[in-house]
Amino acid sequence: MFSFFGNGGCGNLTKSKYKRVVLKLSGESLAGEAGFGIDPLVVEDIAKEIKIIRNHGIDVAVVVGGGNIWRGLSGSAKGMDRAQADYMGMMATVMNALALQDALEKLEVSTRVQTAIEMRQIAELYIRRKAIRHMEKGRVVIFGAGTGNPYFSTDTTAALRAAEIEADVILMAKKGTDGIYDADPNKNPDAKKFDRLKYIDILNMGLQVMDSTATSLCMDNKIQLVVFNIDEHENIVKAALGEEIGTTVGGENND
(Lines give C-alpha, C1' and ligand atoms only; values in the text may rest on other atoms or scores of the structure.)
Protein backbone atom coordinates (compact mmCIF):
# COMPACT_ATOMS: atom_id res chain seq x y z
CA MET A 1 0.00 0.00 0.00
CA PHE A 2 1.02 3.62 -0.50
CA SER A 3 0.98 6.45 1.97
CA PHE A 4 0.68 10.06 0.85
CA PHE A 5 0.98 13.37 2.64
CA GLY A 6 -0.93 16.52 1.79
CA ASN A 7 2.24 18.62 2.00
CA GLY A 8 3.72 16.88 -1.03
CA GLY A 9 5.89 14.51 0.94
CA CYS A 10 7.15 11.21 -0.36
CA GLY A 11 5.07 8.90 1.82
CA ASN A 12 6.53 5.51 2.63
CA LEU A 13 7.66 4.65 -0.90
CA THR A 14 11.02 5.85 -2.18
CA LYS A 15 11.33 3.97 -5.45
CA SER A 16 8.98 4.23 -8.42
CA LYS A 17 8.27 1.88 -11.27
CA TYR A 18 8.78 4.74 -13.75
CA LYS A 19 11.56 7.27 -14.28
CA ARG A 20 9.74 9.62 -16.67
CA VAL A 21 6.00 10.00 -17.23
CA VAL A 22 3.70 11.97 -19.48
CA LEU A 23 0.47 12.92 -17.72
CA LYS A 24 -2.39 13.48 -20.14
CA LEU A 25 -5.12 15.71 -18.71
CA SER A 26 -8.35 16.41 -20.53
CA GLY A 27 -9.65 19.96 -20.42
CA GLU A 28 -12.78 18.68 -18.69
CA SER A 29 -10.68 17.41 -15.77
CA LEU A 30 -9.78 21.03 -14.95
CA ALA A 31 -13.39 22.24 -15.01
CA GLY A 32 -14.70 20.55 -11.88
CA GLU A 33 -18.43 20.09 -11.37
CA ALA A 34 -19.31 23.01 -13.64
CA GLY A 35 -18.14 21.07 -16.68
CA PHE A 36 -16.68 24.15 -18.37
CA GLY A 37 -14.06 26.78 -17.65
CA ILE A 38 -11.27 26.36 -15.11
CA ASP A 39 -11.87 25.54 -11.45
CA PRO A 40 -8.83 26.81 -9.48
CA LEU A 41 -9.46 24.40 -6.60
CA VAL A 42 -9.49 21.40 -8.94
CA VAL A 43 -6.31 22.60 -10.64
CA GLU A 44 -4.69 23.04 -7.22
CA ASP A 45 -5.55 19.45 -6.25
CA ILE A 46 -4.01 18.14 -9.47
CA ALA A 47 -0.92 20.29 -8.88
CA LYS A 48 -0.51 18.82 -5.38
CA GLU A 49 -0.46 15.30 -6.83
CA ILE A 50 2.08 16.32 -9.46
CA LYS A 51 4.27 17.75 -6.70
CA ILE A 52 4.18 14.41 -4.86
CA ILE A 53 5.21 12.61 -8.05
CA ARG A 54 8.03 15.07 -8.63
CA ASN A 55 9.19 14.64 -5.01
CA HIS A 56 9.63 10.92 -5.73
CA GLY A 57 12.28 11.87 -8.28
CA ILE A 58 10.08 11.11 -11.30
CA ASP A 59 10.47 13.31 -14.39
CA VAL A 60 7.04 14.77 -15.20
CA ALA A 61 5.69 16.20 -18.43
CA VAL A 62 2.05 17.18 -18.83
CA VAL A 63 -0.12 17.43 -21.94
CA VAL A 64 -3.37 19.32 -21.43
CA GLY A 65 -6.49 19.35 -23.57
CA GLY A 66 -8.80 22.30 -24.10
CA GLY A 67 -12.31 20.82 -24.18
CA ASN A 68 -13.38 22.78 -21.12
CA ILE A 69 -13.02 25.97 -23.15
CA TRP A 70 -13.35 25.07 -26.83
CA ARG A 71 -13.57 22.00 -29.04
CA GLY A 72 -12.44 22.34 -32.64
CA LEU A 73 -14.67 19.49 -33.82
CA SER A 74 -17.73 21.15 -32.31
CA GLY A 75 -16.95 24.40 -34.08
CA SER A 76 -16.35 22.59 -37.34
CA ALA A 77 -19.67 20.73 -37.02
CA LYS A 78 -21.44 24.09 -36.84
CA GLY A 79 -19.92 25.36 -40.06
CA MET A 80 -16.61 26.85 -38.94
CA ASP A 81 -13.49 26.11 -40.97
CA ARG A 82 -11.95 23.02 -39.36
CA ALA A 83 -8.37 24.30 -39.33
CA GLN A 84 -9.44 27.63 -37.82
CA ALA A 85 -11.53 25.86 -35.18
CA ASP A 86 -8.61 23.59 -34.28
CA TYR A 87 -6.25 26.55 -33.88
CA MET A 88 -8.75 28.05 -31.45
CA GLY A 89 -8.67 24.75 -29.54
CA MET A 90 -4.88 24.98 -29.35
CA MET A 91 -5.20 28.40 -27.72
CA ALA A 92 -7.56 26.87 -25.16
CA THR A 93 -4.92 24.28 -24.20
CA VAL A 94 -2.43 27.08 -23.58
CA MET A 95 -4.86 28.76 -21.18
CA ASN A 96 -5.14 25.48 -19.27
CA ALA A 97 -1.35 25.04 -19.30
CA LEU A 98 -0.86 28.49 -17.78
CA ALA A 99 -3.46 27.78 -15.09
CA LEU A 100 -1.67 24.56 -14.14
CA GLN A 101 1.69 26.33 -14.17
CA ASP A 102 0.35 28.97 -11.78
CA ALA A 103 -0.94 26.31 -9.37
CA LEU A 104 2.37 24.41 -9.45
CA GLU A 105 4.49 27.53 -8.93
CA LYS A 106 2.39 28.45 -5.89
CA LEU A 107 3.40 25.04 -4.47
CA GLU A 108 7.04 25.92 -5.20
CA VAL A 109 7.29 23.43 -8.05
CA SER A 110 9.51 24.76 -10.82
CA THR A 111 7.78 24.55 -14.20
CA ARG A 112 8.12 25.47 -17.84
CA VAL A 113 5.30 25.80 -20.36
CA GLN A 114 6.34 24.88 -23.89
CA THR A 115 4.01 25.47 -26.80
CA ALA A 116 3.99 24.11 -30.34
CA ILE A 117 2.99 27.59 -31.57
CA GLU A 118 5.37 30.41 -30.80
CA MET A 119 4.13 32.90 -28.17
CA ARG A 120 7.29 34.22 -26.55
CA GLN A 121 5.63 36.52 -24.03
CA ILE A 122 4.03 33.64 -22.09
CA ALA A 123 5.80 30.38 -22.96
CA GLU A 124 8.82 28.76 -24.56
CA LEU A 125 8.63 27.27 -28.01
CA TYR A 126 8.74 23.47 -27.83
CA ILE A 127 12.26 22.16 -28.29
CA ARG A 128 12.78 18.48 -27.51
CA ARG A 129 16.28 18.72 -26.05
CA LYS A 130 15.31 21.73 -23.94
CA ALA A 131 12.27 19.91 -22.56
CA ILE A 132 14.41 16.94 -21.56
CA ARG A 133 16.97 19.24 -19.95
CA HIS A 134 14.25 20.96 -17.91
CA MET A 135 13.06 17.60 -16.57
CA GLU A 136 16.60 16.54 -15.74
CA LYS A 137 16.81 19.70 -13.62
CA GLY A 138 13.66 18.71 -11.76
CA ARG A 139 11.23 21.00 -13.56
CA VAL A 140 7.74 19.96 -14.62
CA VAL A 141 7.23 20.65 -18.33
CA ILE A 142 3.71 21.44 -19.53
CA PHE A 143 3.07 21.09 -23.25
CA GLY A 144 0.45 23.38 -24.78
CA ALA A 145 -0.99 24.08 -28.23
CA GLY A 146 -1.13 20.42 -29.21
CA THR A 147 1.19 19.47 -32.04
CA GLY A 148 0.77 22.90 -33.59
CA ASN A 149 -1.17 21.35 -36.47
CA PRO A 150 -4.92 21.15 -37.08
CA TYR A 151 -6.62 17.75 -37.37
CA PHE A 152 -4.49 16.24 -34.58
CA SER A 153 -5.86 15.64 -31.09
CA THR A 154 -4.09 16.22 -27.78
CA ASP A 155 -4.09 12.41 -27.39
CA THR A 156 -1.83 12.31 -30.41
CA THR A 157 0.23 15.10 -28.86
CA ALA A 158 0.70 12.99 -25.71
CA ALA A 159 1.82 9.98 -27.78
CA LEU A 160 4.18 12.10 -29.88
CA ARG A 161 5.76 13.92 -26.95
CA ALA A 162 6.10 10.67 -24.98
CA ALA A 163 8.01 9.14 -27.89
CA GLU A 164 10.18 12.24 -28.33
CA ILE A 165 11.21 12.59 -24.68
CA GLU A 166 11.47 8.80 -24.22
CA ALA A 167 8.89 8.61 -21.45
CA ASP A 168 8.22 5.26 -19.80
CA VAL A 169 4.46 5.64 -19.76
CA ILE A 170 1.50 7.85 -20.60
CA LEU A 171 -0.81 8.34 -17.63
CA MET A 172 -4.20 9.09 -19.17
CA ALA A 173 -6.43 10.65 -16.51
CA LYS A 174 -10.08 10.22 -17.53
CA LYS A 175 -13.05 11.92 -15.96
CA GLY A 176 -15.94 9.66 -14.96
CA THR A 177 -14.43 6.29 -15.90
CA ASP A 178 -12.02 3.98 -14.07
CA GLY A 179 -10.49 2.29 -17.09
CA ILE A 180 -11.28 0.80 -20.49
CA TYR A 181 -14.51 -1.13 -21.04
CA ASP A 182 -15.85 -3.14 -23.97
CA ALA A 183 -18.94 -0.89 -23.94
CA ASP A 184 -20.08 2.33 -22.30
CA PRO A 185 -20.58 1.37 -18.62
CA ASN A 186 -22.95 4.32 -18.18
CA LYS A 187 -25.28 2.82 -20.76
CA ASN A 188 -24.58 -0.90 -20.40
CA PRO A 189 -24.47 -2.34 -16.85
CA ASP A 190 -22.95 -5.53 -18.26
CA ALA A 191 -19.96 -3.72 -19.73
CA LYS A 192 -16.70 -5.53 -19.01
CA LYS A 193 -13.67 -3.66 -17.70
CA PHE A 194 -10.24 -4.67 -18.97
CA ASP A 195 -7.28 -4.79 -16.57
CA ARG A 196 -4.77 -5.20 -19.42
CA LEU A 197 -5.01 -4.78 -23.17
CA LYS A 198 -2.89 -4.77 -26.29
CA TYR A 199 -2.96 -1.78 -28.62
CA ILE A 200 -4.03 -4.00 -31.50
CA ASP A 201 -7.07 -5.00 -29.44
CA ILE A 202 -8.06 -1.35 -29.08
CA LEU A 203 -7.86 -0.88 -32.85
CA ASN A 204 -9.60 -4.14 -33.72
CA MET A 205 -12.41 -3.66 -31.20
CA GLY A 206 -12.88 0.02 -32.00
CA LEU A 207 -12.58 1.00 -28.34
CA GLN A 208 -12.88 4.74 -27.76
CA VAL A 209 -9.75 5.19 -25.66
CA MET A 210 -7.94 7.67 -27.87
CA ASP A 211 -7.92 8.32 -31.59
CA SER A 212 -6.41 5.77 -33.95
CA THR A 213 -3.42 7.98 -34.78
CA ALA A 214 -2.41 8.18 -31.11
CA THR A 215 -3.06 4.46 -30.62
CA SER A 216 -0.90 3.49 -33.59
CA LEU A 217 1.88 5.84 -32.50
CA CYS A 218 1.96 4.30 -29.02
CA MET A 219 1.87 0.78 -30.45
CA ASP A 220 4.67 1.40 -32.94
CA ASN A 221 6.90 2.99 -30.30
CA LYS A 222 6.01 0.52 -27.53
CA ILE A 223 4.81 3.24 -25.15
CA GLN A 224 2.87 1.92 -22.18
CA LEU A 225 -0.47 3.53 -21.37
CA VAL A 226 -2.38 3.57 -18.08
CA VAL A 227 -6.00 4.75 -18.19
CA PHE A 228 -7.57 5.64 -14.84
CA ASN A 229 -10.19 7.78 -13.11
CA ILE A 230 -8.99 11.25 -12.15
CA ASP A 231 -12.06 11.80 -9.96
CA GLU A 232 -10.65 9.50 -7.26
CA HIS A 233 -8.27 11.31 -4.94
CA GLU A 234 -4.54 10.51 -5.37
CA ASN A 235 -5.08 8.27 -8.41
CA ILE A 236 -2.53 10.29 -10.37
CA VAL A 237 0.07 9.53 -7.72
CA LYS A 238 -0.90 5.85 -7.55
CA ALA A 239 -0.62 5.48 -11.33
CA ALA A 240 2.76 7.24 -11.43
CA LEU A 241 4.13 5.03 -8.67
CA GLY A 242 3.09 1.87 -10.47
CA GLU A 243 0.07 0.77 -8.46
CA GLU A 244 -2.27 -1.47 -10.47
CA ILE A 245 -5.24 0.79 -11.11
CA GLY A 246 -7.45 1.34 -14.13
CA THR A 247 -6.38 -0.37 -17.36
CA THR A 248 -2.83 -0.87 -18.59
CA VAL A 249 -2.20 -1.02 -22.34
CA GLY A 250 1.04 -2.31 -23.83
CA GLY A 251 4.12 -2.83 -21.75
CA GLU A 252 5.88 -6.05 -20.93
CA ASN A 253 5.21 -8.64 -23.66
CA ASN A 254 1.85 -6.97 -24.24
CA ASP A 255 2.42 -4.50 -27.07
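Reply: Below, we take the labels one by one and set each against its cut-off. This is a predicted model, where local features need pLDDT of at least 70, side-chain atom pairs count only at pLDDT 80 or more, and totals for chains, interfaces and linings use all residues. Residues are numbered from 1 along each chain as its sequence is written, and side-chain values use heavy atoms, with hydrogens and water left out.

Me: What makes Arg120 and Glu118 a salt bridge?

Reply: The rule asks for a side-chain nitrogen of Lys or Arg within 4 Å of a carboxyl oxygen of Asp or Glu. For Arg120 and Glu118 the closest N and O atoms are 3.4 Å apart, so the pair passes. Across the whole structure the search finds 13 salt bridges.

Me: Why are Glu136 and Arg133 described as about one helical turn apart?

Reply: Because they sit three residues apart in helix H4, residues 128-136. The helix label itself is a DSSP run (H or I, at least four residues; strands are E, at least two), numbered from the N terminus. Glu136 and Arg133 also form a salt bridge, with closest N and O atoms 3.4 Å apart. Arg133 is partly exposed at 45%.

Me: How do you know that the buried residues of H4 line one face?

Reply: The buried residues of H4 are Ala131, Ile132, His134 and Met135. Seen down the axis of H4, they fall within an arc of 155°, so they line one face of the helix. That arc is taken from the directions from the helix axis to the C-beta atoms. After H4 comes Gly138, with a positive phi near 90°.

Me: And what about H7, which residues are buried there?

Reply: In H7 (residues 212-220), Ala214, Thr215 and Cys218 are buried. They cover an arc of only 100° around the axis, so they share the same side of H7. Their cover includes helix H5 (154-164), strand S6 (169-174) and helix H6 (199-205).

Me: What makes Asp211 a cap for H7?

Reply: A side-chain oxygen of Asp211 lies 3.1 Å from the backbone nitrogen of Thr213, at the N-terminal end of H7. A polar contact is a pair of N or O atoms within 3.5 Å; within protein, one must be able to donate a hydrogen and the other to accept it, and residues adjacent in sequence count only if both atoms are side-chain atoms.

Me: Which residues does Asp168 touch?

Reply: Contact means heavy atoms within 4.5 Å. Leaving out residues up to four places away in sequence, Asp168 touches Tyr18, Lys19, Arg20 and Gln224. A polar atom of the Asp168 side chain lies 2.7 Å from the backbone nitrogen of Lys19. Asp168 lies in the loop between H5 and S6 and is partly exposed at 32%.

Me: Why are Glu166 and Lys222 flagged for their phi?

Reply: Most residues other than glycine have a negative phi. Glu166, which is not a glycine, has a positive phi of about 60°, and Lys222, also not a glycine, has one near 55°. Glu166 is in the loop between H5 and S6 and is exposed at 57%. Lys222 is in the loop between H7 and strand S10 (224-229) and is exposed at 58%.

Me: Last one: what makes up the nonpolar surface patch?

Reply: Ile38, Ile69 and Met95 make it, over about 240 Å². Patch residues need over 30% relative accessible area and no salt bridge; nonpolar side chains (Val, Leu, Ile, Met, Phe, Trp, Tyr) are joined within 5 Å, like charges within 9 Å. Areas come from the Shrake-Rupley method with a 1.4 Å probe, and for residues only the protein chains shown count as cover. Met95, found in helix H3 (residues 82-106), is partly exposed at 47%, so it clears the area cut-off for a patch.

Notes. Buried means under 20% relative accessible area, exposed over 50%, partly exposed in between (1.4 Å probe, protein chains only).
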